[in-house]
Amino acid sequence: MSGKFNSNSAVMNFPRRDSQDKLRGRTKYTVDMENSDVLHAALLRAEIPSARLISIDTSEAKKMPGVKAIATHLDAPGLHGIGISDHPIFAGDVVRYHGEPIAAVAALTKAQAEAAAAAIKVTFEQDDAVLTMEDALSIDAPLVHPDWENYEILFDGAARGGNIAWEATVQRGDTNAAFCRDDVTIVEGCYRVGRQSHVPFEPRAVVASFEDGRYHIQTSTQVPWTVRHVTAKVLGIPEAQVQVTVPAVGGGFGLKFDCSLEPYAAILAKKSGRSVSLYNSRREEQMTCLCRENAEIRLRSAVTKEGEIVGREATVLMDCGAYGGEQVFLTSMTAHTLGGNYKLGSVRISSRAIYTNTPPNGAFRACNGVYNTFALERHTDEICSAIGMDQIEFRRRNVIGNGDIGATGQVFEGDVLRPMLEQLLEKYPIGDTQEVLPDGRLFGRATTVGTWFIFVGPSAATVNLNADGSATLVTSGVEIGSGTMMQSLPQMVAASLGLHPSDVIVKTADTDASGRDLGVGGGRTTVSIGAASMAACEEVREKLLSVASQMLQTKAEDLVLKNGRIEIKDRPGSGATIQTVAQQAELDFGPISGSGAFTNPGVKAMPGCASGHFIEAIDIPVFAVHDCEVAVDPDTGHVEVLSYRIIQDVGRALNPRAIHGQIQGGIVQGLGYALQEEITINADGAFDQTGFETYRLPLAGDVLPIDFELFEGAPSCGPLGTKGAGEVPILNVGASIACAVANATGKAVSELPLTPPRVLALLDDDGYTGLSLTHISSEWHKNTLGRTSSY
């Protein structure tokens, strides 16, 4: 039976159907969903970073006006986590960070809930806190988790110990021999980055109820099935007792790729017998925001005079904060970013998630790829200086391509980065990279490359063909603002079924109605949910064509679905409408529907190379080439970005206009990370930047038009050859700006963000040659917990 259709019909600049309501403020988000029957909740949070919790007295708080329920750790005995179950939702015996929830209160009004929370009496015995990774790794450091050995292990294979929550390593080839060669130059550098806050316009929010023996959770999340799982786990109940639904989400960027407020509201709903609303204030959101983690990196490379990288060693320290969280998982990403841009003869990498008594960190757009790309591209330029090779020529010779081996031994398919690099250079030829502008500012330009991946994994979809000829797509996908649920998915379904995208209804996520899904993030929606949706459409097509074949007395392979009709091939206007066929199908055997599923295809790594990795090889690499020009004011340290250009690998662009929006937004977010957004932690373990007054975000005046071109045709297992386009725009931004500033100033740029005071310090320090992170040893094996074999 014919399953063919014209895939080109899926390509269009289909506008977002939700745009008008969002622009006019009519869209209802979770934070808006309150009524007179809903109770309001507040959390009591710790205001010290480390302490033993002696007692909690809620007796006075229970008597306060409007109070309906109070919850503490006694109501949620379970632990959750990624890789290891180390995370309670309430502080029980121990407080591990400033801002950790101790109790939750539900009352008639928000003010009453906050007043009652403040009235709860808590007795602490304060302990010494470790607030930096250097302190956490010192020999006599207090342990953030003294009982770390007793935690449930959810994923085997990693090394753990003390304040090292997780260690993932890669070893391929003989790096010792590479560094001992007499024809190599050894280049070493250290790099450091701070935290970055997501700042979505809707904070984390939830409304929960308890009815018919089940918890019903409506929440602003990217991961409804994770919320279902974690809520059940910490409450000690079967997952089937939890239903999660998701309305429109006011931005996520990775912040909502975890369970956060939902269990508190669920507990309070059951205890009070009422629906409960809980949302973070903007201050709470900033102070406990699951930031992009701060990190420290040491890179060491052995390079021949011809530019061949015969050996590389890398150690990355990632601050996970008080609990392992996403950083445990993200240790796997280091191998694919530090080992992804260039061909490496041999390599060993250690990526460590470190416990500190600071607010937990989390996932953020392109996660640790952003700072690993910064470190790698700065290190690459330092290599070029050391061996006397042009920066562009070095990249031409070394970027990874077809048949090359990645850090974990996977074999890459297709030449992508080199043609992208040539495409950019052809359009923007390289001139002088350092000169003084007429106004006295220093001019610099840089071109960088980046490797990221599409995070695939399991997805499910159902497509129902309705009697009016429309189709309904049912998935656990979430519209987080990127438009994928409103654009690319309807476009794919419509192209497969011969409809217009406006005739495809996309149901909001509901774990009771849709199959399990890993979540929306990592650029996976178009690929994973799209592939599952296309598989469901194939079943619908077969059923539809079977009925039409009988109606039209024509073989199914001679029929085509187009413009809402099923027509005989090469006979326009023949046949019948899809609505007519769907109605006939209902009379013959019932409504037409189809289901589909997808998971990662499983690209192979070299056996034995990787330890402690959740992902040993990347199924869909995605590449980027960025180029920027900057002007540096030597008097103020201010960096102005004069131009920004990007060639982005998209596989196949289903909606170029939507991708343009993602590129513009991703670059601007990267500008903030590179130049402005800085979080510092004070002696109390709290952020100094408590809100928009002190946390500097890019403003309208900081934004510039982005010149971009889409690179299509790279290999991809995604449906119709697609790759996700939402994450990768931010990947190279910090790297490109840092390299351009280094070219402009002639200084070793080794830290982000490049705030004016930091740039001025660079310019004023004539002897500065880079960071020296003494707690990360130059001897790689000393940065591991004992595995030193090579493959």
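A search of the whole structure, a predicted model, finds 14 aromatic pairs.

**Aromatic pairs**
- Phe-90 and Tyr-264 pair edge-to-face, at 5.0 Å centre to centre and 70 degrees between the planes.
- This pair links distant parts of the chain, 174 residues apart: Phe-90 is in the loop between strand E4 (84-85) and strand E5 (94-95), and Tyr-264 is in helix H7 (residues 262-272).
- Phe-90 is buried at 2% relative accessible area, and Tyr-264 is buried at 5%.
- The ring centres of Phe-155 and Trp-166 are 6.4 Å apart with planes at 40 degrees, so this pair is tilted.
- Phe-155 lies in the loop between strand E8 (152-153) and strand E9 (159-161), and Trp-166 lies in strand E10 (residues 164-172), so the pair ties together parts 11 residues apart in sequence.
- Phe-155 is partly exposed at 29% relative accessibility, whereas Trp-166 is buried at 0%.
- Ring pairs join Phe-155 and Trp-166 into a cluster with Phe-257, Phe-329, Trp-452, Phe-453, Phe-455 and Phe-614.

**Charges over rings**
- The charged end of Lys-110 sits over the ring of Tyr-279, 4.4 Å from its centre.
- The charged end of Arg-292 sits over the ring of Phe-364, 4.2 Å from its centre.

**Nonpolar cores**
- The largest nonpolar core has 145 residues, and Trp-452, Ile-566, Ile-737 and Leu-754 have the most contacts inside it.
- Helix H15 (residues 525-552) gives the largest share of this core, 12 residues.
- Domain 1 (2-26 + 457-598) and domain 3 (295-455 + 604-763) both contribute residues, so this core lies between them.
- Another core, of 38 residues, lies apart from it and includes Leu-39, Ala-41, Phe-90 and Val-520.

Definitions and conventions. Residues numbered from 1 in each chain as written. Predicted model: local features only at pLDDT ≥ 70, side-chain atom pairs only at ≥ 80, totals over all residues. Heavy atoms only, no water. Core = buried A, V, L, I, M, F, W, Y, C linked by side-chain atoms within 4.5 Å. Buried < 20%, exposed > 50% of the residue type's maximum accessible area, 1.4 Å probe, protein only. Helix = DSSP H or I, 4+ residues; strand = E, 2+ residues; numbered from the N terminus. Domains from an automatic or database assignment. Phe/Tyr/Trp six-rings, centres within 6.5 Å; stacked < 30°, edge-to-face > 60°. Lys NZ or Arg CZ within 6 Å of the ring centre and 35° of its normal.
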